[in-house]
Amino acid sequence: MTQVPPPHQLLAAGKNFFGSPRFAAALTLTIIGSELGALVLQQLIGWAGLIGILAVQVLFASLSFLARREGIEWHGILPISLLVFVGWAALSVFWSEYQWATFGSVVYLGATTMLGIYVALNRDTIQIARAFGDVLRVALVLSFALEIFSGVLIDAPIRFLGIQGNLAEFGPIQGIFGTRNQLGVIALIAIVTFGTELRTQSVRRGVSIGSLVLAGLLLLLTRSPIAFGGFIIVLVAALALFGLRRVPAESKRFWQIGLLAATITVAAVAWAARTPIINALSASNELNKRLELWRPMRVLIPAHELEGWGWVGHWRQDVPPFQVFPNYFDRTPTSGLNAYLDVWFQLGLVGLFAFVGLAGLTFIRSWLLASRQRSFVYAWPALVLVVLLTTALAESSLLVEFGWLTFVVCCVKAARELSWRKAFAATGASRAP
């Protein structure tokens, strides 16, 4: 007869299992993979299956947090700006025009936020970059393989994944991400990640170079003006950061101020010359489509300008006011195609100010860390944020799933290294008698 171990032994075994570094590494990979492949999972197993996966991950992350709680310093880590934004989204349940949809979307947002916090607190920055790199490699290889299968082997679209089968005509391609613009955003994040791996020598040189070539090829094949524009901005930001890291510490503040002034000037010039820039990027058609969507949004925003209509994340066509947006594209829009305008529409001016404040603080902290720290891996969050925040002007993917998970990871990592609360506590402790 088999003897059952006593309860204290079972608890100790569970703590060792859920608290082990190998479990944290495996769970991190599955979290990133499921968020990156959310569209594919939703098409294959439905929303119920995707939510089931998310629920299991939240349970495992909670158990892992519990097992590792003694090794985590919580004071001053969770950024207040992040809590304010998520809290305001949760409060919108009370005035939402579609309360049940808002409640479910807030739970979905909260679960993704919790998973992002888990990844940020339980893995080092280099480990996070490696995990993102491993998942992105698989996703890009799978995307390219499916595009070859669809566009070359069977010469037919794979409609349930949104793959149009245009590889033989050299694009545009969509991969497993539904649209060419979203594939372009993922390819940009992949280029930053693979470049970080190459610079830090965290994977074999041949793997890094091959990954960069694949990401660059897919970026070109998307033929996405949004991704091309984002690439130019990321390249300029990387060169600026590369220069700042070589400036002597005593003069770095003046160079930072000069760079900020130059950025504002260039942004003003770019806005003044937006028409020729849009034409040069062949983005006029993209812009016209978005304007058709943004105009009715701007008409509806004043009805709930301060508090918004209510958080929903992915748009729901079965509830008002999203029923008035069905016929602007070949496919039904699932977002406002502008994260900032989308937040304004759903959470009002209060939510927009909270989001802009959150994004601004996160980027400033990440940029300062990237320019001060010796290890190049600290450049990864800063450059990824450049991708997310610039492409958010034409896509809303930052607000859901992989985009939001990545943003939360960067946010918590930056707050952990540069928390004003920790600095204030340290100052107070040094002045204590």
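Contact here means heavy atoms within 4.5 Å. In this predicted model, Tyr118 is in contact by that criterion with Phe23, Ala24, Leu27, Thr28, Ile31, Ala61, Ser64 and Phe65, when residues up to four places away in sequence are left out of the count. Tyr118 also belongs to the largest nonpolar core, which comprises 118 residues, and together with Phe85, Leu136, Leu140, Trp404 and Phe407 it is among the residues that touch the most other members of that core. The element that gives the most to this core is helix 13, spanning residues 339-372, which supplies 14 residues. In soluble globular proteins, nonpolar side chains tend to be buried together.

Aromatic side chains were examined next. The structure holds 19 aromatic pairs. One of them is formed by Phe322 and Phe345, whose rings are arranged edge-to-face, with 5.9 Å from centre to centre and 70° between the planes. Because Phe322 lies in the loop between helix 12 and helix 13 whereas Phe345 lies in helix 13, this pair ties together parts that are 23 residues apart in sequence. Both Phe322 and Phe345 are buried. A further pair, between Phe355 and Phe407, is tilted, with a centre-to-centre distance of 6.4 Å and an angle of 40° between the planes. This second pair links distant parts of the chain, since Phe355 is in helix 13 and Phe407 is in helix 15 (residues 401-417), 52 residues apart. Phe355 has a relative accessibility of 0% and therefore counts as buried, and Phe407, also at 0% relative accessibility, counts as buried as well. Phe355 and Phe407 are members of one aromatic cluster that also contains Phe85, Trp311, Tyr340 and Trp404. Apart from these ring-to-ring arrangements, a charged side chain is placed against an aromatic ring at Phe376, where Arg199 lies over the face of the ring at 5.3 Å from the ring centre.

Arg316 and Tyr98 are separated by 218 residues in sequence, yet their C-alpha atoms are 9.6 Å apart in space. Pro321 is also placed in the loop between helix 12 and helix 13, and the peptide bond leading from Pro320 to Pro321 is cis, with omega near 5°.

Most residues other than glycine have a negative phi, and most peptide bonds are trans.

Helix 9, covering residues 225-244, has 20 residues and reaches 29 Å from its first C-alpha to its last, a span close to the 28 Å expected at 1.5 Å a residue. The buried residues of helix 9 are Pro225, Ile226, Ala227, Gly229, Gly230, Val234, Ala237, Leu241 and Leu244. An α-helix has 3.6 residues a turn, so residues three or four places apart point the same way.

Finally, a search for disulfides across the whole structure finds zero. Cys410 takes part in no disulfide, and the nearest cysteine sulfur, belonging to Cys411, is 8.8 Å away. A disulfide requires sulfur atoms within 2.5 Å. Cys410 counts as buried at 1% relative accessibility, and Cys411, likewise at 1% relative accessibility, counts as buried too.

Technical notes
Residues numbered from 1 in each chain as written. Predicted model: local features only at pLDDT ≥ 70, side-chain atom pairs only at ≥ 80, totals over all residues. Heavy atoms only, no water. Helix = DSSP H or I, 4+ residues; strand = E, 2+ residues; numbered from the N terminus. Expected span 1.5 Å × (residues − 1). Buried < 20%, exposed > 50% of the residue type's maximum accessible area, 1.4 Å probe, protein only. Core = buried A, V, L, I, M, F, W, Y, C linked by side-chain atoms within 4.5 Å. Phe/Tyr/Trp six-rings, centres within 6.5 Å; stacked < 30°, edge-to-face > 60°. Lys NZ or Arg CZ within 6 Å of the ring centre and 35° of its normal.
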